[in-house]
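Below is an explanation that goes through one structure step by step. It begins at the contact between the chains and then turns to the sheets and a few backbone details.

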Amino acid sequence: DGGITQSPKYLFRKEGQNVTLSCEQNLNHDAMYWYRQDPGQGLRLIYYSQIVNDFQKGDIAEGYSVSREKKESFPLTVTSAQKNPTAFYLCASSIPGPTEAFFGQGTRLTVV
Amino acid sequence: GEDVEQSLFLSVREGDSSVINCTYTDSSSTYLYWYKQEPGAGLQLLTYIFSNMDMKQDQRLTVLLNKKDKHLSLRIADTQTGDSAIYFCAADNAGNMLTFGGGTRLMVKP
């Protein structure tokens, strides 16, 4: 079945560590996105990529990094520079243009 | 940039209709979307409306768009406990990016 998969579902990070969240899709979508969701708040765009080997900063890119070496994969690294990383992270993919975005099930990151 | 606003919370009784409202600021938005998020999960597209339409009906869902006022609403008829979730309004904007509202938490009481 086609879909978008995020892993892990839950992730714990010690202060000062970098962690990488995985996002893989087999929908053959060109565009992929990372959003952050905080309790009671909407989705804020971290990074997006409209094509392989290219990505752009979203509204809250500081403290995060991404890569897009393959069409299927768009991993997000939360670096130690991100001061408040505890949140629910959602990955999405779509065909570029006004169309439905498909979301993964999310990764909940907690700093311990 | 685009701003999308929603009320935070709505509580209804099972069997009643729910109406979730949304306002947006970018009049050039071409498509407007409603997504549903269940606890601990990603977002699922419920429905969408093209900006040259006033209304779209899909089974129990009715979307109304007032383009002049930049107001979008989602009506759920015969609301069930399984409809309890967070509902996000989203608008596309320049560059075909989606801007999401803050989400409306719908609670359905039996």
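How many salt bridges are there between chain A and chain B? The count is zero. The model is a predicted one, and the salt-bridge rule asks for a side-chain nitrogen of Lys or Arg within 4 Å of a carboxyl oxygen of Asp or Glu.

On the side of chain A that touches chain B, at least two residues come from each of strand 4 (31–37), strand 5 (43–51) and strand 9 (87–94) of chain A. Strand 5 of chain A provides the largest share of that side, with four residues. By residue type, the side of chain A that touches chain B consists of ten nonpolar, nine polar and two charged residues.

As for extent, 21 residues of chain A and 19 residues of chain B take part in the contact. The size of an interface is often expressed as the accessible area lost when the parts come together. Here chain A and chain B bury about 1,500 Å² between them, and 58% of it lies on carbon and sulfur atoms.

Next come the sheets within each chain. Strands of a sheet pair through backbone hydrogen bonds, in either a parallel or an antiparallel sense. Chain A has an open sheet of four strands in the order 1-3-8-7, and the pairing is antiparallel. Strand 1 (4–7) and strand 7 (64–66) of chain A each have a single partner strand, so one side of each is left without a neighbour in the sheet. Neighbouring strands of this sheet are turned against each other by 20° on average, direction ignored. At one end of the strand order, strand 7 of chain A is joined to strand 8 (residues 76–78) of chain A by three bridges, and the two run antiparallel. One residue pair there is A:Val66 with its bridge partner A:Leu76 in strand 8 of chain A.

Chain B has an open sheet of five strands, also antiparallel in its pairing, with the order 1-3-8-7-6. Its edge strands are strand 1 (4–6) and strand 6 (55–58) of chain B, each of which pairs on one side only. The twist from one strand to the next averages 15°.

Within this sheet of chain B, strand 8 (residues 71–76) is joined to strand 7 (residues 61–66) by six bridges, and these two strands run antiparallel. Strand 8 of chain B also pairs with strand 3 (residues 18–24) of chain B in the antiparallel sense, over six bridges. B:Ser73 in strand 8 of chain B shows both pairings: B:Asn21 stands opposite B:Ser73, and B:Leu64 has B:Ser73 as its bridge partner. Another pair is B:Leu61 with B:Ile76 in strand 8 of chain B. The hairpin of strand 7 and strand 8 of chain B has four residues between the strands, and in this hairpin B:Lys70 takes a positive phi near 55°.

Which residue of chain A has a positive phi although it is not a glycine? A:Asn28 does, at about 60°, and A:Asn28 sits in the loop between strand 3 (19–25) and strand 4 of chain A. A further backbone detail concerns a peptide bond: the one from A:Ser7 to A:Pro8 is cis, with omega near -10°. A:Pro8 belongs to the loop between strand 1 and strand 2 (10–13) of chain A.

Technical notes
Residues are numbered from 1 along each chain as its sequence is written. Chains are lettered from A and ligands numbered from 1 in the order in which they are written. This is a predicted model: local features need pLDDT of at least 70, side-chain atom pairs count only at pLDDT 80 or more; totals for chains, interfaces and linings use all residues. Side-chain values use heavy atoms; hydrogens and water are left out. Contact means heavy atoms within 4.5 Å. Buried area is the accessible area (1.4 Å probe) that two parts lose on being put together, summed over both. Ala, Val, Leu, Ile, Met, Phe, Trp, Tyr, Cys and Pro count as nonpolar, Asp, Glu, Lys and Arg as charged, and the others, Gly among them, as polar. Two strands pair if DSSP finds at least two bridges between them. Axes are lines fitted to C-alpha atoms, for helices over the stretch in contact, and angles run from 0 to 180 degrees between N-to-C directions.
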